[in-house]
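The exercises below ask you to read a structure step by step, and each is followed by a worked solution.

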Amino acid sequence: MYYTAKYIAANTKNEEGWKLFMLSKGRCLMSRKLCAVLVDLSGTLHVEDTATPGAVEALRRLRECPLKVKFVTNTTKESKQMLVNRLQKLGFDIQPEEVFTSLTAARNLVEEMKVRPMLFLQDSALQDFEGIDTTNPNAVVIGLAPDMFNYRPLNDAFRLLLGGAPLIAIHKARYYKKSDGLSLGPGPFVTGLEYATDVRATVVGKPETMFFREALKTLGCAPEEAVMIGDDVRDDVGGAQTAGMAGILVRTGKYRPGDEEKIHPPPTTVCDSFTQAVDYICNKVLQT
Amino acid sequence: MASSGRWYDRCSDIQGVLLDISGVLYDSGATGGVAIPGSVEAVTKLKQSGLSVRFCTNETQCTRDHLVAKLSGLGFQVTREEVFSPAPAACLVLKDRNLRPHLLIHPDCQPEFEGVDCSNPNCVLIGDATDEFSYKNLNEAFRVLVGLQDPILISMGKGRYYKETDGLTLDVGVFMKALEYACDVEAEVVGKPAKAFFLAALQDMGVQPQQAMMVGDDVVNDIGGAQSVGMLGLQVRTGKYRPEDEHHPTVHPDGFVDNLKQAVDLLLQHRGQ
């Protein structure tokens with residue numbers, strides 16, 4: 001019944017099928033055979049240029065468990081290499097191939113669809129699209145690109161979309177904070193193009209189910225064998241749980257008291273920090 | 001929802017006709033645009049028939065004077081008084097409500113706002129600004145809006161796109177939606193499809209909505225707007241028309257015609273019968 005529902009869901013995009021599939025799964029971490037841990041970066045492992053207390057050591061301990069680890073993050077500005085350099089400077093033992101970002105997800109999708117994207121990305125993020133053919137584009141990828149969010153390039157994108165090109169959004173943030181004040185994010189431009197064309201964007205970052213599935217696919221683990229650790233109750237924990245994983249909310253970074261009440265079902269568990277989350281996971285693994 | 005039957009069997013009482021301009025009379029473009037075949041003669045015939053005619057446009061890329069000069073150059077019989085466009089309507093709204101706008105509009109539309117107090121803005125007003133829709137300008141408008149306790153966004157039209165000679169082109173509605181999403185506000189639309197805009201044109205002709213017909217190429221803004229005040233709405237298959245329009249989920253035009261010429265020929269044949 002479990003696989004039948006999953007099969008129906010995957011092959012017919014049938015919503016009822018998905019519901020059935022979701023209901024047929026256990027939500028308790030205890031009952032799972034754990035295979036993989038996904039870890040958020042900003043707010044969980046570090047806050048700006050400081051590691052969260054004990055995080056460097058805790059990551060070392062996590063790696064001693066028989067578990068696969070992947071770092072997952074929504075980024076539009078920084079390439080994977082830039083992120084890794086920053087983390088290594090803080091003392092974390094993290095390699096580029098262990099990091100899965102929304103830019104990576106977008107790149108994977110572009111490769112899977114075999115399309116040539118028009119890229120709305122800053123130079124610092126373009127690194128992650130090296131080698132992708134962008135001549136004579138037949139798809140549109142929107143990240144954060146203030147230098148390109150102008151009438152002519154947007155009109156070019158619009159015409160591509162009208163011609164049937166898919167629209168891929170790294171995420172749909174409304175605005176972000178710049179040193180001189182709030183500034184428009186990718187979301188408004190994605191929304192404008194959706195309105196213009198009736199094309200719905202495929203959003204690739206957290207909290208999209210596809211994002212978590214893609215990250216796990218590279219590890220060869222199923223969602224029900226995986227747990228996500230993050231400080232964003234909706235994008236990290238809610239997203240992971242919707243994808244079929246367990247979710248651990250940490251009380252660092254953007255966490256605010258009461259966040260655990262904001263999603264249903266609630267987080268699998270709540271921990272004070274990444275360190276405590278690692279202890280929790282390692283204990284469970286030892287018990288089973 | 002359109003009633004059944006052919007539209008021209010229901011046009012015996014028609015006294016007034018509203019015509020959209022871009023996509024019905026002509027296709028605009030960098031070189032001034034080109035008249036749609038048959039449209040110049042159709043306007044002349046319509047006027048000679050004794051029907052009242054007004055031109056209802058969401059054009060905000062230039063002033064009415066400029067638009068009339070452009071249309072005259074293409075051979076159309078149009079006077080400034082017959083043209084209803086959003087800029088003068090927006091000026092009335094600003095005045096009525098003591099609003100001082102931050103303007104994000106086309107430079108050629110600026111003269112319509114001469115004398116409007118734009119200091120210390122308490123609203124944002126946008127039009128079809130084309131190249132002025134840069135990240136920098138949109139971000140400035142965004143910052144004005146997020147800085148207001150009660151953000152007011154006024155948009156001259158909410159069209160998605162229109163047809164230029166070199167292809168379909170983004171209209172003001174796209175940037176209205178972007179700012180709406182960014183600031184969690186809902187824009188107030190001046191121009192089509194706002195009811196007030198159609199009613200002002202009808203009042204000017206002294207014609208009741210039931211005796212009037214709108215001809216346009218935009219299924220939502222022309223047809224949907226006209227039908228919302230009780231007029232007949234006729235869609236032409238020129239301008240931005242796309243075959244999908246004939247299966248629009250919410251707007252069902254009273255009829256479809258290949259172009260303005262066919263609309264006028266059928267209307268004049270069946271009128272008064």
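**Exercise 1. Compare the length of helix α5 of chain A with the expected span, and state which of its residues are buried.**

Solution. The model is a predicted one, and the helix in question covers residues 102-113 of chain A, which makes 12 residues. From its first C-alpha to its last, α5(A) reaches 16 Å, close to the 16 Å expected at 1.5 Å a residue. As a next step, take burial, for which the cut-off is 20 or more other C-beta atoms within 10 Å: Ser102(A), Leu103(A), Thr104(A), Ala105(A), Ala106(A), Arg107(A) and Val110(A) are buried in this helix. Finally, look past the end of the helix, where α5(A) is followed by Lys114(A), a residue with a positive phi near 55°.

**Exercise 2. Describe the overall build of chain B from its secondary structure, its dimensions and its radius of gyration.**

Solution. Begin with the secondary structure, which comes to 8 helices and 14 strands in chain B. The C-alpha trace of chain B spans about 60 × 40 × 35 Å along its principal axes. A compact globule with 273 residues would have a radius of gyration near 19 Å, and because chain B has 18 Å, the two agree. Of these 273 residues, 52% count as buried, and among contacts in chain B with a separation of 6 or more, 66% are accounted for by residues 24 or more positions apart.

**Exercise 3. Determine what each chain brings to the contact, and characterise the side of chain B that touches chain A.**

Solution. Counting first, the contact takes 22 residues from chain A and 24 residues from chain B. On the side of chain B that touches chain A, at least two residues each are supplied by α4 (135-146), β10 (167-170) and α5 (172-183) of chain B, with the largest share, 8 residues, coming from α5(B). Sorted by class, this side of chain B has 14 nonpolar, 6 polar and 4 charged residues.

Methods
Residues are numbered from 1 along each chain as its sequence is written. Chains are lettered from A and ligands numbered from 1 in the order in which they are written. This is a predicted model: local features need pLDDT of at least 70, side-chain atom pairs count only at pLDDT 80 or more; totals for chains, interfaces and linings use all residues. Two residues are in contact if their C-beta atoms, placed from the backbone, lie within 7 Å. Helices (H or I, at least four residues) and strands (E, at least two) are DSSP runs, numbered from the N terminus. Ala, Val, Leu, Ile, Met, Phe, Trp, Tyr, Cys and Pro count as nonpolar, Asp, Glu, Lys and Arg as charged, and the others, Gly among them, as polar. The expected span of a helix is 1.5 Å times one less than its number of residues. A residue is buried if 20 or more other C-beta atoms lie within 10 Å of its own, exposed if 12 or fewer, and partly exposed in between; C-beta atoms are placed from the backbone. The radius of gyration is taken over C-alpha atoms; the globule rule is 2.2 Å times the number of residues to the power 0.38.
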